[in-house]
Amino acid sequence: MATVIETKDLCKTYVVDKRQINVLKNINLKVDEGEMVAIMGPSGSGKSTLLYSISGMDQATSGKVLFDGEDISKMKSTDLAETRLDKMGFIFQQMYMMKNLTILDNILLPAIESRKGGSRADKIKKGEDLMRKLGIIEVADNDINEVSGGQLQRACICRSMINSPKILFADEPTGALNRTSSNEVMDELVKLNKEGTTIMMVTHDSKVASRCTRVLYIVDGNIRGEFVNDENSGEKDRERRLNNWLMDLGW
Ligand SMILES: Nc1ncnc2c1ncn2[C@@H]1O[C@H](COP(=O)(O)OP(=O)(O)OP(=O)(O)O)[C@@H](O)[C@H]1O
Ligand SMILES: [Mg+2]
């Protein structure tokens with residue numbers, strides 16, 4: 001399998017009041033095409049920072065992030081912006097949906113912005129197809145305050161998928177949802193992954209992580225451990241094994 005993401009001694013340091021805070025400390029990881037990787041770890045351990053640095057939302061202090069073999073810190077900012085728009089999808093907890101647009105128009109935004117092919121009608125059809133697939137087509141013309149939290153999160157997934165990205169980054173995509181909505185959102189993400197989208201997501205929820213192919217555990221800016229979920233065992237079994245592993249790490 002081809003490697004989509006590789007980091008080499010990735011470090012991120014913030015300076016606050018002249019004090020250095022080393023948030024990421026020499027992170028070395030690889031994510032292959034078709035993987036669904038969960039990042040877990042205590043609050044403040046650097047999970048979001050890692051996702052931001054890898055996806056080019058934020059710049060690493062030192063070290064490298066290779067996307068498809070290319071060093072993103074060496075890309076021109078316009079090229080990085082285009083790569084992020086066309087090849088990466090993003091689902092974050094505080095999703096910035098535009099208040100004056102309908103759900104469908106919000107989903108279409110990255111497609112309209114992209115130079116990637118297709119007429120406006122094609123893009124609308126794709127947006128509607130995605131909404132149908134995620135079971136929210138009936139709220140296409142609603143405003144963003146006229147849908148439930150679960151529907152809004154599924155709309156975010158549609159938006160993240162509109163340009164058919166190679167990789168999807170998600171920071172606690174189920175964090176604000178109840179168990180039922182969380183399961184539904186995970187069903188969709190697993191489906192997208194099975195169809196070929198590589199996924200990298202941060203989660204606090206071991207039930208969510210047990211549905212990923214691999215789990216990385218971060219403590220204090222270091223990768224403390226890695227767990228590969230057994231694809232062939234049942235859901236409960238996977239959850240139990242992951243929970244045991246997490247407990248050993250002090251979760
Ligand atoms: N812009 C910033 N300036 C200074 N410090 C920051 C900044 N962003 C994050 N930090 C610090 O970096 C550390 C890691 O933050 P990060 O948001 O990556 O943690 P996290 O693992 O995602 O936590 P959580 O589970 O609570 O979301 C924290 O100590 C945080 O205070
Ligand atoms: Mg976070």
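1. Helix α5 passes helix α6 in a right-handed crossing, where right-handed means that the near helix is turned clockwise from the far one by less than a right angle. In this predicted model, local features need pLDDT of at least 70 and side-chain atom pairs count only at pLDDT 80 or more, while totals for chains, interfaces and linings use all residues. Residues are numbered from 1 along each chain as its sequence is written, and ligands are numbered from 1 in the order in which they are written.

2. Helix α5 (residues 149-161) and helix α6 (residues 179-194) pack at an angle of about 15°, with their axes 9 Å apart; helices here are DSSP runs of H or I with at least four residues, and strands are runs of E with at least two. Axes are lines fitted to C-alpha atoms over the stretch in contact, and angles run from 0 to 180 degrees between N-to-C directions. That makes α5 roughly parallel to α6, the term for angles under 35 degrees.

3. Among the residues of α5 that meet α6 are Gly 149, Arg 154 and Met 161, and the α6 side includes Glu 184 and Leu 192, contact being C-beta atoms, placed from the backbone, within 7 Å.

4. Ligand 1 is surrounded by residues that include Tyr 14, Val 23, Gly 46 and Lys 47, each with its C-beta atom, placed from the backbone, within 6 Å of the ligand. Strands β1 (3-16) and β2 (19-32) and helix α1 (47-54) each supply at least two residues of this shell, and α1 gives the most, with three.

Key: Angles under 35 degrees count as roughly parallel, over 145 as roughly antiparallel, 65 to 115 as roughly perpendicular and the rest as oblique. Two residues are in contact if their C-beta atoms, placed from the backbone, lie within 7 Å.
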